[in-house]
Amino acid sequence: MSNNSDSQSSLIPASEIKPATMELEAVRSKLADAKGPKYWRTLEELVDQQAFGDLLEREFPRHASEWIDPVSRRSFLKLAGASLALAGLTGCTKQPLEQILPYVRQPEELIPGRPIYYATAMPFNGHALPLLVETHEFRPTKVEGNPQHQASLGSTDLFAQASILNMYDPDRSIAVTYKGEPRPWGEFLGSIRGRVQYHKSNQGAGLRFLTGAVASPTLGSQMRAVLQLFPQAKWHRWEPIHRDSIRQGSKAAFGNYYDPIYKFAAADVVVSLDADFLSGSWFPGFLSYSRDFMSRRKDPKAGMNRLYVAESAPSTTGAKADHRIPALNAEIEKIARALAAKVGVGSAGGEQLSAEQQKWINAAAADLAKSKGRCLVVPGVFQSATVFALAQAMNAALGNVGQTVNYIDPVEIDPVEHTQSIRELADDLRSGKVQTLVVMGGNPVFDAPADVQFGDALEKFAANEQNQLIQLHIYRNDTTDFATWHVPEAHYLESWGDVRSYDGTVSIIQPMIAPLFDGRTAGEIIAIFIDQATTPGHDLVQAYWRSQHSGDDFEAWWRRALHDGFIGNTAFPARQVKANAAVPPAQTAHVAGQQGEFVEVIFRPDPTIFDGGFVNNAWLQETPKPLSRTTWDNVAFISPAMAARYGFLRLEQKTIEQSDRAKNVNADHQSDAENVIEINVGGRKVKAAMWPQPGQPDNAVTLFMGYGQKRTGRVGSGYGYDAYSIRPSGSQYAGFGAVQATNEHWSIAVQQGHFTMDDRAPVRSSNLEEFEKEPNFAREEPEPARDESLYPDFRDKGWYQQHAWAMAIDLNSCIGCQACTVACYAENNISVVGKEQVQRGREMLWLRIDSYYEGDPANPTMYFQPVPCMQCENAPCEPVCPVGATLHSTEGLNDMVYNRCVGTRYCSNNCPYKVRRFNFFLFADYETPIRKLGRNPDVTVRSRGVMEKCTYCVQRINAARITAEKEDRRVRDGEVKTACQQSCPTEAIYFGDMNDPNSKVAKWKKNQRNYSLLADVNTRPRTTYIASVKNPNPEFEKA
Amino acid sequence: MTTAQPIYGMMAEFDNPTDLVHAAEAAYAAGYRKMDAYSPYPLEEAAEAIGSHHNRVPLVCLIGAMLGMIGGYALQYWVSAINYPINSGGKPFHSWPAFIPVTFECAILGASLATVFGMLALNGLPQPYHPVFNVPRFTQASTEKFFLCIESQDPRFSPAETRRFLEAQHPHEVSEVPY
Amino acid sequence: MAQIFHRSANTLARASILGVVLLLSAVGAALMQLQRSPYVTNQHIAPDQPVPFSHQHHVAGLGLDCRYCHTSVEESSFAGIPPTKTCINCHAQLWTSAQLLEPVRYSFRTGKSLEWSRVHDLPDYVYFNHSIHIAKGVGCFSCHGAVDQMPLMYAENSLQMEWCLNCHREPEKFLRPREEVFNMTYQQPDRHHPVTFEGKQYLSQIDLGQVLREKYHLRTPQDITSCSTCHR
Amino acid sequence: MAPQVQDEIDVLPPKGVRPPILGPGQTLRTVTDRIGGVVLTKHTPVFWLLIVAVAVAITGILNTAIGYLLMKGTGIWGINIPVGWGFAIVNFVWWIGIGHAGTLISAILLLFKQSWRTSINRFAEAMTIFAVMQAGLFPLVHTGRPWLAAYWLFPYPNSMGVWPQFRSPLIWDVFAVSTYFTVSFLFWGIGLIPDFATLRDQAKTLTVRRIYGMLAMGWRGSARHWNRYETAYMLLAGLATPLVLSVHSVVSLDFAVSVVPGWHTTFFPPYFVAGAIFSGFAMVLILAIPFRYLYGMQDYITLRHLQNCAKVMLATGLIVAYSYLLEMFIGWYSNDKYELAMVHNRLFGPYSKYYYTLIFCNIITPQSLWFNKVRSSPALLFLVSCVVQCGMWLERFVIVVMSLQRDYLPTSWGMYWFTKWDVMTLLGTMGFFTLLFFLFIRFMPAISIFEIRALLPQAKVKE
């Protein structure tokens, strides 16, 4: 079939393609019906197995095997490890007879039952997250950061942690389709070759490519090749969470595109102008930046840095600030100007600012002036170009360039301003200039700016039968509706490729597993256009680097690059650039003439599902969003005062305590029925559940993007509102609009109802001055001495003598980013329960991050406190268990024996920290075959009716101990890292052996700021906390 | 009217408890020992009269209690301190205060079972067949009549003698109890 | 006739009470036995295998070392089931036409795995690690029995928790010198068969076991009977 | 059966004179016929059939609820984290408490030689047994894996080599409740033997006589037997008395042993026992009043009995009221922040309305029993008893749920909403209880015949 299509150079009319016997769409729609609780049922159950099987057999036999057994076709076989991964708690009675399938030819590197780690990198929002991936019998099971890589330093963010679940997502696109009908790859190839021939004939006129921000040198070079071959063709870029303002700003400041690289470790004073560099990877370099920043806060005595934050939407960065000032987005620019004027850049434009803001500016300016060359002004990626220009001008003026900030060539290949790029494309689509559009990744129909009306443009485009849209995506999404051809995209863990991290360093992306659904990479699609259709992804990448590498040691060099996970000194050198002091004029976009309250509307990526790409990721959906602790939905932040004005809160908000009580008088915290407000931006309206968020600036609504998708999998659909639908290209991160109350309600699943400490001081904090006066402030309620107890000290009985595992959590460093929570999900096979169950208070996460607010709701102090199992030495949960299913190990672990548990839940009732989780239903997915592949074979999959909780990753402890014992030595400090500890960007979690005096954890336990949670209950927790110390400016009040 | 085949005893029926008790006392005085009184509800005087004072039920009860108590505690001690000692929330292996409730319950259980089954055994129950049921009017013994039965095993028993003796106690009726 | 029961009813009544008591205790005892019986544990039952592989022939007969096939036993939790390649190494020359071995050749031709049935199958919530047991001087024999005498493979032991505890509570009763771990003919020392370890003669297993416990730094019974040693 | 009978019996005696324990004109024969008649009569009363039919239907609901529970898991109930215990445990404590009155009447009043007990002890004991059966159901099904809990909670030599954890109050529960059931059953059983003998001898047909004959085990009223019998009966009473006190104490330890504010209090045992007797006597009245009315038993269960029950209720009710106050006082006096928060939560928390309802039911309402008028009016007593019964259920709800929902860390505070399955289970056990009770009334003497006989004047031996 492919041959004849080869020969003819015209387009294939639909008539020539035989229709499928059963529409894959039908299957899809069936899937779409399965929502919420049904999410953990099997695909086969939803689709009549026989029918679906037949369909696949007939349409493309190559796929058939996957559905019968996705394992068999892979380069690995079910071994003991695998069968353990399928572990249920179904033992006890008669053992079922199990099969065991050895290799036919066993790969040398593989030792069955032992994990192997491979280095790779995850492309994210135009840069790389460098990773090490743990694989069991060539099944990737866990993602870790690459310790050698500057952009990771061994830590990861929640997106990297959760990305592995997307690969094992049964809702992934499983087949090449033509107008929704399954087609073999060959047929697609034929048809596209046809178009390629056609476009060769017309210089590529009407041939367009749309990708996200590309940071892959190989793909870049391919695109360049394509554009040479087709001079008329165009390459458009659209990334919904783009950094246009930085592009424009750097044009304004330096006359060209540059990326700033900050050195927080060297900065004594940091001023953030809405820069949430402690919040997420959409701020490139987030991981290493937060590590560097917190390295200056571990020991208050050793030159603690100071952080000033002016922000328009409450963020975890603001939570860590020493001086935080909430401000409207528009005000940030004014603040920037005023601050700039004070440090000698430009002149104050007589901005009218509130007294607090003025005070903040004065203090910050003074501090900056005091520490020239050792300070840093950081502009937010969501701020205006002006703010960026001003900030860099200030850095120049303060002599920070080269000291705390450098400028490098953009990491993005051939950077463009995305907004402009997508608009051009839309216009061309409308005016019929486009015949072939290749969309690789992304979902423009959903996330393009509202006024661009990309969907409508595509409709016009698709109206012409001859036009073809070729889509490459891991899911079938809204854009698929217009796609002539849809090709399933390979997940990065299945792909060959390369990508640059924020500093330019290149990582080679190598696959952990053969594509589960025969997906393709962008490189492989582009290859078709430059007649390399048959070249496999690996060769494409290797060929490019062969061309780049000088010297004959390529093989060794290549192997090294793969092994290390990055190519040495590929980081971009710092450019000597001069910021021009000429400050661009103020510019504010005003949308006038709506009824309702006229407010600022702020758009932000969702903290857990980002731009919407992770919407079908159950782990991220159930991970509480920082600050609000909501799950499964996005909310609209408004200030408590505003909520009170609308009568949304029962009493006028004066203090957090009041708002808290008001909220909880007769509301059940797990599920808040929130009022719905209607936001109107330039005539486009969306209804969103409002959320009175302490710290939110007044007269501003913050909307989170990514939710409200219509075409997605079982996990993602049906939740939240679509902020993109009202996001104007003019003001993509903040504009103006009208807000109106409605009398509708939308119930939100919240994992925390009270945000006050209620005189229980779970979080202890102080500031530098007082800390010097009162160094033991954290110890006001010391634990009772051991000899006060009637119980024996088990140390005398030889317990806790060998190892005594313990954890210390540094509250100063914790930025509440949730990476640890997701890491825990991945490491410990934790089940996801769905929105309804979260609302019932049955979430399963083992490690929660409690958030507390203190003081004025308009601008409160915020604290984060990660709460895993405390592993109490006098564990209240243990003596109450009737069957002894939870007991103490000789190393002081509070063991939980799932297979012995009968589920009385008494232990949970008696746990003062409420860290225990119960399987109220069969939450674990025992059916979906593909899910089983991703499980950690070293951790039991818990069945119905069983209690579970944090184990300090006992599987890792045992592994390390066994290795150590075989080498006849003690376990070394740092040899055992818990999943949470390993993922933490700021090294806030220390874990190790208390008995080893040189261990990090032992040292931290001796720290005077170390305290136990609820010490007065005398549970003797092994997990303790290091009280936080802030570093406010002593002169602040005077300023 | 003596009969060839042996009989179980001679039974007199009375209308009220007082007559029964007096008859019993008289019989005892007359030297009869192997006899029994039957009443529809507990009649201490009758028991006294036929010379049955103490019984061994309390002893059986005590033994049961002891066994239960010791067994209960021993089990807990062996399990928690010897067979599989476990550190449960830092409590001692032999946490005796925690073992008291179960020990107590075991003691009560042992005692109760011993008492009930001891009582039945001592009474020789179950015994659905018994000669006294051969007397047609004996069904009244569980309602409103009172009976005194002098058994043939008694050395002083002679059908004629005993019948005469009983009739002297102005019973409602005297009848022979066949085996 | 006032009697409603026959004389025999007395005996019957008492007998039946006794009978009920006896019956109940009998049922209890039976259940206790059932939970330990081969029916539940599959002990001493050789399941059907695609190829009737004889350990007796390969180990006792040809003197193959365990590790020739079970390659990862010393460094991994999983001892490893030999890939078909391993069989073919020899059977490319030997018994090349034997019908019995057809499944092996088929597997090698087609790349389809041989589907063995597991003989030693622990419940999924039990995490057993071969390598550490080897390292501490627990012989293959201790758990797998006289494999070299098994024409067809079966489980020698019940693999039930109480059985594991026997050794985890008193390892000294089972330990042997590391170099003897894979030795199928090794005998525990007694008065008649002394065992020499590091130049010293031992006449009783307990003595040797104590020494080995020290030598191999075994953790205390307390340690290795902690739940998380095997359950996670 | 005849309401007008009731009217003439229930007239108040002149002031200062207490109503008799037995109606006038009773003889050994009448006692036997009236009480035995209920069982031996050929024709079954219509109301009996109706009640049993309804009870069977409700028992069906129970089976449905439990069947679904076993299929799906405890998630069908409202429980969650932090509120790990909900209706199931509340119901358990409630039913167990109800049982207590039975043992108290039959055992403790026997030791105190309270002759009025004899008319009500039999069905009070039956009530105990049936109530304990309902109670025993809950600890089992509330577990996540009942099929394992059913036997893992008992010490038996298993192939895992592990044993129950005897430090856990739940194990104490297992032993306490099973012992309590066994002993109550034995007590009730030997009490029945002589009455079975009576029925055996009164029955018309041979089959019936045989059936009761077997149950009577050949009882023939021998003086020697009576002697041992009486001793055993007394001994059992002596054993049951500390037992009944221990059972609810152990149940209260489920809470007292924990660290949860609102549970962790030393006065729970007496508090719980008092509450148990309180609700138990309420239940006795709830059963006795309709029973004497429906079966015309006013001669045997007279106003005297109702009044005495009411007095016991009043007394225990006051103890319970005192406990509530003490709970508050200790919370305040301890000056412990968690205890104080607990008190605050009781008074002003999201569930405070339940707490106030409880105060009304268990403290305010019983005060009406100070008045002779109320004590002597079966209708009013019935009403008060029902209110108290609800109150006692609420008490357990307040203790279990309100303490759990807000404990130590504010971040983990939560709410509890019950589901229809919770309600169906509670309702179902009530139906099952009723069913068992009416089957008992029909086939066994609901009033102890031989003990009533002993009360008659003509039963005494004259000198």
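The model is predicted.

Chain B contains five helices and four strands. From the N terminus, these elements follow the order β-α-β-α-α-α-β-α-β. The radius of gyration of chain B is 25 Å, well over the 16 Å that the globule rule gives for 179 residues, so the chain is more spread out than a compact globule. Its C-alpha trace spans about 85 × 35 × 30 Å along the principal axes. Of the 179 residues, 58% count as buried. Chain B exposes about 7,400 Å², and carbon and sulfur atoms supply 63% of that area. Contacts between residues at least 6 apart in sequence were also examined in chain B; 79% of them join residues at least 24 apart. The chain carries 9 positive and 16 negative charges, whose mean positions lie 7 Å apart.

Most peptide bonds are trans, and most residues other than glycine have a negative phi. In chain B, the bond from Leu125(B) to Pro126(B) is cis, with omega near -5 degrees. Pro126(B) sits in the loop between helix H4 (96–122) and strand S3 (146–151). In chain D, a cis peptide bond joins Ile81(D) and Pro82(D), with omega about 15 degrees. Pro82(D) belongs to the loop between helix H3 (46–72) and helix H4 (87–111).

Positive phi values occur at Glu137(A), near 45 degrees, and at His170(B), near 30 degrees. Glu137(A) lies between strand S3 (127–136) and strand S4 (139–145) of chain A, in a loop. His170(B) is in the loop between helix H5 (159–167) and strand S4 (173–178) of chain B. Glu137(A) counts as buried because its relative accessibility is 2%, whereas His170(B) is exposed at 63%.

Conventions:
Residues are numbered from 1 along each chain as its sequence is written. Chains are lettered from A and ligands numbered from 1 in the order in which they are written. This is a predicted model: local features need pLDDT of at least 70, side-chain atom pairs count only at pLDDT 80 or more; totals for chains, interfaces and linings use all residues. Side-chain values use heavy atoms; hydrogens and water are left out. Helices (H or I, at least four residues) and strands (E, at least two) are DSSP runs, numbered from the N terminus. The radius of gyration is taken over C-alpha atoms; the globule rule is 2.2 Å times the number of residues to the power 0.38. Buried means under 20% relative accessible area, exposed over 50%, partly exposed in between (1.4 Å probe, protein chains only). Contact means heavy atoms within 4.5 Å. Accessible areas come from the Shrake-Rupley method with a 1.4 Å probe; for residues, only the protein chains shown count as cover. Lys and Arg count as positive and Asp and Glu as negative; His and the chain ends are not counted. The place of a charge is taken as NZ of Lys, CZ of Arg, CG of Asp or CD of Glu.
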